[in-house]
Amino acid sequence: MKSSVISGGRDLVTGRAAAPVWLVTGFWISIAISVAVVVRRLVAIVHPSQTAPPQMVALDAAFASHAALTIAHIVPAMAFVLLTPFVFLRRTGAVWAERLLFPLGAVVGVTAYAMNTYSIGGWIERSAVLFFNSLFLFSLARAYGYMRRGEPLLKRRWMTRAVGILLGIATTRPVMGIFFATSRLTHLEPRQFFGIAFWIGFSINTIAVELWLHSRGRQSQTERMAVRSEMQL
């Protein structure tokens, strides 16, 4: 979500307190939803429910039919999400956690491409995954490149973009919930609205992160504080 740019009341780019409460709240809600989604999927793979609504049973069966690939994707994704507070919570961050984000993110991105061949929402979902997953990997690669060059400001900005995009999966869940709740009226099935939900959820995150990074007066302040933060490492 848009909230993924801050953590614990601190700016993810600067590490300084000043972020709005709603951004802090949204960041932690995004993490909670992301972890809950992974845990729920793992439980469904190990112990499929036979009492869930037919649509959910069908979805669980689809993911279970590619269990190994699903696990290879969602477990690294959960690890990535759980590490983000360690990276951005303190002013100096956690170097060990930040460096782990790069290999974890690469695994998440590669397996997302593989899972896309079994997309539930057809070509609309595939197009969303291809676009946002490519943007995620591009942002992660830029962050890694700037880290190697010793440019902390640009590294943080591109890492913020990558984290925001990844947490887009949390934003898609409420959107999907709305589609599920209104399915009796719209008569839409998951294969018809999954792709739309993906585009809506990931677009919200991507746009919100960019607005945050380019908000008035923040860019110059961010540059000063990020450089000072990195000098304390």
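This is a predicted model: local features need pLDDT of at least 70, side-chain atom pairs count only at pLDDT 80 or more; totals for chains, interfaces and linings use all residues.
In which helix is Arg-41 placed?

View 1. Arg-41 belongs to helix H1. The residue counts as buried because its relative accessibility is 12%, under the 20% cut-off. Beyond its neighbours within four places in sequence, Arg-41 is in contact with Leu-59, Asp-60, Phe-63, Thr-70 and Ile-74.

**View 2. Trp-28 and Pro-85.** Trp-28 is also placed in helix H1, which covers residues 21-46. With a relative accessible area of 37%, Trp-28 is partly exposed. Between Trp-28 and Pro-85 the C-alpha to C-alpha distance is 9.0 Å, while 57 residues separate them in sequence.

**View 3. The largest pocket.** The volume of the largest pocket is about 960 Å³. Its lining is made up of 41 residues, and Phe-63, His-73, Ile-169, Arg-173 and Phe-198 are those nearest the centre. Two or more lining residues come from each of H1, helix H2 (54-64), helix H3 (67-88), helix H4 (95-115), helix H5 (122-149), helix H6 (152-166), helix H7 (168-181) and helix H9 (190-213). H3 gives the largest share, seven residues. By class, the lining holds 28 nonpolar, nine polar and four charged residues.

**View 4. The salt bridge between Lys-155 and Glu-98.** The whole structure contains four salt bridges. In this one, the side chains of Lys-155 and Glu-98 meet at 3.1 Å, N to O. The pair links distant parts of the chain, with Lys-155 in helix H6 and Glu-98 in helix H4, 57 residues apart. Both Lys-155 and Glu-98 are buried.

**View 5. The salt bridge between Arg-161 and Glu-210.** The side chains of these two residues meet at 2.5 Å, N to O. Here too distant parts of the chain are linked: Arg-161 lies in helix H6 and Glu-210 in helix H9, 49 residues apart. Arg-161 is buried, with a relative accessible area of 12%, whereas Glu-210 counts as partly exposed at 27% relative accessibility.

View 6. Arg-191 counts as exposed because its relative accessibility is 52%, over the 50% cut-off. Glu-189, at 37% relative accessibility, counts as partly exposed.

Definitions and conventions
Residues are numbered from 1 along each chain as its sequence is written. Side-chain values use heavy atoms; hydrogens and water are left out. Helices (H or I, at least four residues) and strands (E, at least two) are DSSP runs, numbered from the N terminus. Buried means under 20% relative accessible area, exposed over 50%, partly exposed in between (1.4 Å probe, protein chains only). Contact means heavy atoms within 4.5 Å. On a 1 Å grid over the protein atoms alone, a cavity is a set of points where a 1.4 Å probe fits but cannot get out, and a pocket is an open set with protein on both sides within 12 Å along at least five of seven lines; lining residues have an atom within 4 Å of a point. Grid points are joined across faces, edges and corners, and a volume is the space filled by probe spheres set on the points. Ala, Val, Leu, Ile, Met, Phe, Trp, Tyr, Cys and Pro count as nonpolar, Asp, Glu, Lys and Arg as charged, and the others, Gly among them, as polar.
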